[in-house]
Amino acid sequence: MTEPLKIAGASDMPLNLQRTDFISDQEVRWCPGCGDYSILFQVQSVLPKLNIPRENLVFVSGIGCSSRFPYYMNTYGFHTIHGRAPTIATGIKVANPDLSVWVITGDGDGLSIGGNHFIHVMRRNLDVNVLLFNNRIYGLTKGQYSPTSEFGKKTKSSPMGSIERPINPLCVAIASEATFVARSIDVDTKHLAATIERAARHKGVAFIEIYQNCNIFNDGAYKPISDKEVRADNMLYLEHGKPMIFGKDRNKGIRLNGIKPEVVTIGENGVTVDDLLIHDESAEDPTLAYLLTQMNFPNFPVPMGVFRSVSKPTFEDLMAQQIEVATARGRCNLEELLNSGDTWVVE
Amino acid sequence: MSSTAILGNTEERVQELTSVTIRFAGDSGDGMQLTGTQFTNTAALLGNDISTLPDFPAEIRAPQGSLPGVSGFQVNFSSVDIRTPGDEPDVLVAMNPAALKVNLPDLHEGGILIVNENEFTKANLEKAGYTSNPLTDDSLAGYRLIAIPITDLTYNALADMNLTKRNKERCKNFFALGIVFALFDRPLEPTYRWIEQKFGAKPDIAEANRRTLKAGFDYADTTEIFTTHYRVRKANLPPGKYRKITGNEATALGFVTAAELAGRPLFYGSYPITPASDILHELSRLKNFGVKSFQAEDEIAAIGAAIGAAFAGHIGLTGTSGPGVCLKSEAIGLAVMTELPVVIINVQRGGPSTGLPTKTEQADLLQAFYGRNGECPVAVVAPSSPSDCFKMAVEAVRLAVTFMTPVFYLSDGYIANGAEPWRIPQLSELPAIRPVLRQDPTGFLPYERDEQTLARPWAVPGTPGLEHRIGGLEKQHRTGNVSYDPANHDFMVRLRAEKIARIANFIPDATVEGDPEGDLLVVGWGGTYGAIATATEELRRQGYRVSNVHLRYLSPFPRNLGDLLRRFKRVAVAELNLGQLDLLIRGKFLVDTVSINKVAGKPFKVSELVARCKALL
């Protein structure tokens with residue numbers, strides 16, 4: 001899959017930036033052992049590869065544990081209000097499309113209080129990277145269920161179990177016409193870094209759901225899929241153009257049966273690699289990508305990687321084009337504007 | 001006074017009048033707003049002073065013929081300087097029984113009443129709640145009733161045209177307009193030009209409208225339904241080039257102008273809401289000025305984007321009405337904390353909640369002052385008339401970028417939709433706006449301050465060496481780092497308040513109209529200026545020692561306001577709410593004021609203000 005080369009804000013000259021260039025002078029105040037540390041480290045590791053000078057980077061966040069992220073980045077940053085980071089990012093990006101703008105949000109911030117903005121920043125295809133740290137709990141308010149908490153989840157605000165079905169962030173993103181949709185996890189640092197880099201190189205809105213462990217209020221939420229011993233069996237790494245194979249022995253795969261995916265074993269019942277579903281992240285039709293979002297543990301391995309990556313004009317470019325067209329027709333001078341319409345003179 | 005023209009029915013063929021108020025009223029689908037606007041445009045082009053009051057229902061098409069569906073447009077035109085659309089119409093055009101029922105109580109005694117008698121059917125009379133036909137039961141004896149079969153005459157005028165009945169009927173407002181043009185000796189050419197512009201692509205519709213307009217004019221001119229015609233001469237306005245402008249148009253032009261003066265692009269984030277949407281429409285058309293207009297998914301996104309744009313170096317502007325301000329409150333607090341130049345337009349309407357969407361009110365003043373959590377001071381300005389919207393928009397931007405602060409701009413439904421002549425300013429008359437974008441990284445601290453204004457530097461992303469983080473958490477003085485230190489918080493709260501207070505050194509003093517001392521000072525703010533100034537002028541003419549002061553800068557108040565108040569025996573605060581400015585003035589100046597209120601969704605009438613003031617004298 002080839003991505004457009006020019007990343008917003010990137011320099012043409014090599015900058016030779018290091019990870020440490022992106023570390024701010026602020027002390028990181030997440031709980032020891034929090035998954036956020038890993039994400040911060042990976043973002044700081046990826047940025048030098050993008051060759052974007054620090055002044056052209058803006059990290060925008062809402063409210064929540066994840067949203068403290070901008071304070072720890074030695075770039076421009078804006079810690080805004082609950083759920084509204086996409087709106088502030090919209091203003092920044094539209095004002096200056098040459099900036100590389102990142103939205104850092106969480107499951108509560110992005111999908112509950114900020115759910116509306118989440119939808120609209122996706123459908124507009126603003127060229128920003130949205131990293132949603134999904135720990136399936138409200139951490140900063142000390143442990144209430146979140147919109148991604150599982151049904152029946154017992155928390156301080158749901159002592160008898162949550163009676164709400166969880167929302168799937170990837171489904172929302174795909175339904176909202178997002179042009180880049182991916183999933184990764186804090187503990188698989190290599191995969192996380194690669195996914196962040198892919199997102200950053202995508203022109204248009206790039207959304208990553210990052211499974212992130214809250215070791216204080218929801219410890220082990222992803223343990224059944226992310227533990228080293230079971231990871232290979234319980235995760236499916238998506239690769240564009242390749243058959244969907246997983247498992248410690250690389251002998252399991254996903255086959256399409258009608259419109260339903262199913263798990264098969266290669267070599268059993270005559271199943272060969274040729275029977276397996278081939279991943280196509282660039283498909284215009286989002287059906288396959290949506291189908292993959294419906295694969296949940298334990299019935300299926302959890303897909304990781306890029307679900308969808310398609311190219312569409314970006315919001316800020318379309319706006320700039322309209323202004324260009326209007327200006328080409330004649331950049332009105334102010335005097336003309338004020339004096340337009342029917343006028344009369346009083347002597 | 002503007003509303004007491006005596007439309008005599010004399011022997012003379014033509015009578016000169018100083019000023020006349022006409023109200024066009026009909027069903028909300030009858031095109032009354034258009035009819036009134038056309039009459040206004042012609043009056044303006046002839047050099048009259050004008051002031052208008054559109055009054056329409058919130059429903060786009062309320063049930064036909066019903067009382068809530070009545071739409072009205074009042075215009076006062078004059079050969080002298082006027083400031084209000086007139087208290088009582090001298091002429092009422094009522095296109096159906098409901099329009100008559102709703103508007104007759106306002107008609108001047110002995111006024112001219114033109115009705116479309118075709119619409120006075122049994123069914124329509126019932127819908128309007130009439131038990132007998134007022135055209136025949138003598139109940140209108142106190143007026144000069146002129147009943148004309150406008151619908152029939154419109155059909156007759158278009159008899160040979162191949163148009164649907166519906167399309168023919170839609171021309172009847174122009175028949176009525178033609179009648180009124182004849183009554184006041186007005187030319188048809190400006191309206192012809194408008195028809196050509198509007199319907200040029202549909203020649204038959206254009207022809208039908210032209211014909212109907214002419215037919216109405218000829219009918220009134222030749223049938224001698226009016227024995228007397230009236231003439232209102234040019235007004236003696238200050239020299240200059242003029243155009244007619246509504247408050248919303250002037251607001252849009254003002255902000256574009258301010259951005260040009262400041263040399264920064266304008267970003268406008270807005271969510272459609274009555275009565276502010278016209279500003280979004282106007283600014284969306286001005287892309288050739290580089291205006292970035294953004295129709296957001298909701299009110300919060302609209303201001304969020306404006307804040308983001310301000311952070312990135314644009315003039316951040318958002319516009320709405322009261323209910324939208326409620327939703328923006330938290331974000332306004334963020335803009336206060338992050339000290340970014342954002343202007344919030346509130347075209348106030350009747351509240352609370354959804355309230356009266358298309359009616360005017362001034363009940364959001366305390367919301368602008370205090371409607372946020374924490375100690376959260378902002379600057380507040382309020383234009384005083386449709387054309388003043390231009391000036392105050394420029395002022396709002398000047399204050400926002402000079403002080404790095406959110407500024408509230410409180411317009412209202414009355415001046416937003418009302419129109420008056422606007423003397424087009426020369427660019428050289430406009431104030432300089434000189435925002436400084438920080439470039440030099442040496443010694444840069446995001447919350448260091450200008451000694452005079454206490455503004456922090458405007459350091460926009462993309463500038464090397466100024467990378468910094470801002471947010472809603474309390475800031476440490478100078479560094480801008482997150483700080484929970486008690487003493488720092490106390491200091492910063494006072495500093496933010498002091499910054500707003502210092503704006504008083506950068507705005508004009510308040511001026512008294514009338515003597516600088518006397519028996520009564522009437523204090524007003526925003527869109528009530530026309531009615532208050534006209535009322536106190538009238539009282540002075542009658543020999544009373546009454547003056548008025550009108551506030552366009554509210555937070556902070558002009559420095560001299562306290563002194564002005566103390567020179568009068570009594571101070572009355574007149575406003576379209578239950579005493580919000582009154583509360584602020586009492587609290588700030590310890591003056592025992594009297595509150596003159598009205599919350600009817602309508603502007604003050606001059607006559608009611610005169611009466612209320614007299615009661616205090």
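Predicted model: local features only at pLDDT ≥ 70, side-chain atom pairs only at ≥ 80, totals over all residues.
Before you start: residues are numbered from 1 along each chain as its sequence is written, and chains are lettered from A in the order in which they are written. Local features need pLDDT of at least 70, side-chain atom pairs count only at pLDDT 80 or more, while totals for chains, interfaces and linings use all residues, and side-chain values use heavy atoms, with hydrogens and water left out.

**Stop 1: inside chain B**

Colour chain B by domain: domain 1 (14-232), domain 2 (243-429) and domain 3 (512-614), with bounds from an automatic or database domain assignment. Now keep domains 1 and 3 of chain B, whose C-alpha centres are 36 Å apart. Six residues of domain 1 touch 11 residues of domain 3, where contact means heavy atoms within 4.5 Å.

Together these two domains of chain B bury about 700 Å², with 45% of it on carbon and sulfur atoms; buried area is the accessible area (1.4 Å probe) lost by two parts on being put together, summed over both. Select B:R83, B:T84 and B:D87: on the domain 1 side they lose the most area to domain 3, together 75% of what that side buries.

Next, show B:D106 and B:K605, whose side chains form a salt bridge at 3.8 Å, N to O. Three salt bridges are counted between domains 1 and 3 of chain B, each being a side-chain nitrogen of Lys or Arg within 4 Å of a carboxyl oxygen of Asp or Glu.

**Stop 2: where chain B meets chain A**

Bring chain A back. Here 68 residues of chain B are in contact with 57 residues of chain A, and the buried area is about 5200 Å², 63% of it from carbon and sulfur atoms.

Zoom in on B:E297 and A:R124, a salt bridge with its closest N and O atoms 2.8 Å apart. The count between chains B and A is two salt bridges. Several elements of chain B supply at least two residues each to the side touching chain A, including α1 (32-45), α9 (247-262), α11 (299-311) and β17 (469-471). Helices (H or I, at least four residues) and strands (E, at least two) are DSSP runs, numbered from the N terminus. Highlight α11(B), which gives the most to that side, with eight residues.

**Last stop: a strand pair across the chains**

Select β2 (residues 76-79) of chain A together with β17(B): they pair in the parallel sense over three bridges, pairing requiring at least two DSSP bridges. Which residue does A:H79 stand opposite? Look in β17(B) for B:G471.
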